[in-house]
Amino acid sequence: INNVVANISLTPGQSSYQSSVSQLIAAHPDVIMTESDGGTAGTFFGELKSLGGLVPIIGTSATFTETAN
């Protein structure tokens with residue numbers, strides 16, 4: 001079954017995305033599809049990782065840059 005469990009918009013350049021991360025974790029996704037700049041992705045996925053919410057991620061090339069590691 002292919003269901004979108006959350007559609008979360010991020011404002012680039014924020015120092016934290018904790019409320020969005022919490023919303024995503026609460027949705028229990030099987031995979032994350034994203035299109036984001038490297039800095040935003042780095043902050044968002046860093047917070048997601050620290051809260052134990054990492055699942056497989058599919059993203060555009062901009063999502064996975066040196067700053068996203």
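Helices and strands are runs assigned by DSSP, a helix having at least four residues and a strand at least two, and they are numbered from the N terminus. The model described here is a predicted one.

The protein chain contains two helices and two strands. Followed along the sequence, these elements come in the pattern α-β-α-β. Of the 69 residues in the protein chain, 28% are buried. The chain exposes about 4700 Å², and carbon and sulfur atoms supply 51% of that area. Among contacts between residues at least 6 apart in sequence, 67% join residues at least 24 apart.

The inside of the structure comes next. In soluble globular proteins, nonpolar side chains tend to be buried together. Here the largest nonpolar core has eight residues: Tyr17, Val21, Leu24, Ile32, Ala41, Phe44, Phe45 and Leu48. Helix α1 (18-27) and helix α2 (38-50) each supply at least two residues of this core. The most comes from α2, which gives four residues.

Helix α2 can be checked for its length. With 13 residues at 1.5 Å a residue, α2 should span 18 Å, and its end C-alpha atoms are 18 Å apart, so the two values agree. The buried residues of α2 are Gly38, Thr40, Ala41, Gly42, Phe44, Phe45, Glu47 and Leu48. An α-helix has 3.6 residues a turn, so residues three or four places apart point the same way. The cover over the buried residues of α2 includes α1, β1 and β2 (57-59).

Which residues does Phe44 touch, not counting those up to four places away in sequence? Phe44 touches Leu10, Tyr17, Ser20, Val21 and Leu24. Ser20 belongs to helix α1. Is Ser20 buried or exposed? The relative accessibility of Ser20 is 12%, so Ser20 counts as buried, the cut-off for buried being under 20%. Leaving aside neighbours within four places in sequence, Ser20 is in contact with Ile8, Leu10 and Phe44.

The surface also has nonpolar residues. Val31, Met33 and Ile58 form a nonpolar patch there, and together they have about 300 Å² of accessible area. Met33 sits in strand β1, which covers residues 32-34. Met33 is exposed because its relative accessible area is 60%, and exposed means over 50%.

Most residues other than glycine have a negative phi, and most peptide bonds are trans. His28 has a positive phi, near 55°, and is not a glycine. With a relative accessible area of 62%, His28 is exposed.

The last stop is the segment before α1, where Asn3 is found. Asn3 counts as exposed because its relative accessible area is 59%. How many residues apart in sequence are Asn3 and Pro29? They are 26 residues apart in sequence, and from C-alpha to C-alpha they are 9.3 Å apart in space.

Notes:
Residues numbered from 1 in each chain as written. Predicted model: local features only at pLDDT ≥ 70, side-chain atom pairs only at ≥ 80, totals over all residues. Heavy atoms only, no water. Core = buried A, V, L, I, M, F, W, Y, C linked by side-chain atoms within 4.5 Å. Buried < 20%, exposed > 50% of the residue type's maximum accessible area, 1.4 Å probe, protein only. Contact = heavy atoms within 4.5 Å. Patch = residues over 30% accessible without salt bridge, like charges linked within 9 Å, V, L, I, M, F, W, Y side chains within 5 Å. Areas by Shrake-Rupley, 256 points an atom, 1.4 Å probe, with all protein chains shown as cover. Salt bridge = Lys/Arg side-chain N within 4 Å of Asp/Glu carboxyl O. Expected span 1.5 Å × (residues − 1).
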